[in-house]
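Thanks for making time this morning. I would like to walk you through one model, going from its overall make-up to a few side-chain contacts.

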Amino acid sequence: FFESEKFFVLKKLLDAKKKDLKILEKKMEDIDWRKEVLYQKFENLEEDKNNYLNKSETLAWEAYQKSNLCDLLEETNLNMLCNLRERHLAVIAEILARTNGCVGGRRFQDVSDIIDEKNQKILDLEKKLQIFSEEKSFDSICM
């Protein structure tokens, strides 16, 4: 009789442990499920982070290239301005060289006279070029 009671007590303990085991297995499945969801979120965040890093590197490189292009354009503009300044200085030097001597009994010649003279030379050359191109077109028509 004693042994049968002991058997039933052990059987109840075993059944209780089986129920506890099933509850723990269910909790373990829930934890595994949460772990998988968190892992997928982590992978998505990792992918987003890498995409943003690549995008920021690309934008930084583009900004660097644009900055270099702007620097080159500014350098080109600066060189053009320096060349223009040198040409103006050469014209001023020529004007000063002409005004230092006596011209027509005057000690200094008007700067505007020199500029008018240069402009007249330009107009004369343009007229000659026009006449020449008209003669060329007339010659091509006659032939």
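Before anything else, a word on what I mean by a helix: it is a DSSP run of H or I that is at least four residues long, and the helices are numbered from the N terminus. Please also keep in mind throughout that this is a predicted model.

With that convention, the protein chain comes to two helices and zero strands. The chain has 143 residues, and buried residues make up 3% of them. Its accessible surface comes to about 13,700 Å², and carbon and sulfur atoms account for 62% of that area.

Let me turn to the charged contacts. As a general point, side chains of opposite charge can pair when their charged atoms come close. How many salt bridges does the structure hold? The structure holds two.

One of them joins the side chains of E46 and K49, with a distance of 3.4 Å from N to O. Both E46 and K49 sit in helix α1, where they are three residues apart, or about one turn of the helix.

E117 is partly exposed, with a relative accessible area of 33%, while K121 is partly exposed at 44% relative accessibility.

I will finish with the residues at the start of the numbering. L10 belongs to helix α1, which spans residues 2-100, and at 51% relative accessibility L10 counts as exposed, since the cut-off for that class is over 50%. Together with V9 and L13, L10 forms a nonpolar patch on the surface, and the accessible area of these residues together is about 280 Å².

Finally, the aromatic side chains: the count comes to two aromatic pairs. F7 and F8 form an aromatic pair of the edge-to-face kind, with 5.7 Å from centre to centre and 70° between the planes. F7 itself counts as exposed, at 53% relative accessibility.

Conventions. Residues are numbered from 1 along each chain as its sequence is written. This is a predicted model: local features need pLDDT of at least 70, side-chain atom pairs count only at pLDDT 80 or more; totals for chains, interfaces and linings use all residues. Side-chain values use heavy atoms; hydrogens and water are left out. Patches are made of residues with over 30% relative accessible area and no salt bridge: like charges are joined within 9 Å, nonpolar side chains (Val, Leu, Ile, Met, Phe, Trp, Tyr) within 5 Å. Accessible areas come from the Shrake-Rupley method with a 1.4 Å probe; for residues, only the protein chains shown count as cover. A salt bridge is a side-chain nitrogen of Lys or Arg within 4 Å of a carboxyl oxygen of Asp or Glu. Buried means under 20% relative accessible area, exposed over 50%, partly exposed in between (1.4 Å probe, protein chains only). Rings of Phe, Tyr and Trp (its six-membered ring) pair if their centres lie within 6.5 Å; planes under 30 degrees apart count as stacked, over 60 as edge-to-face and the rest as tilted.
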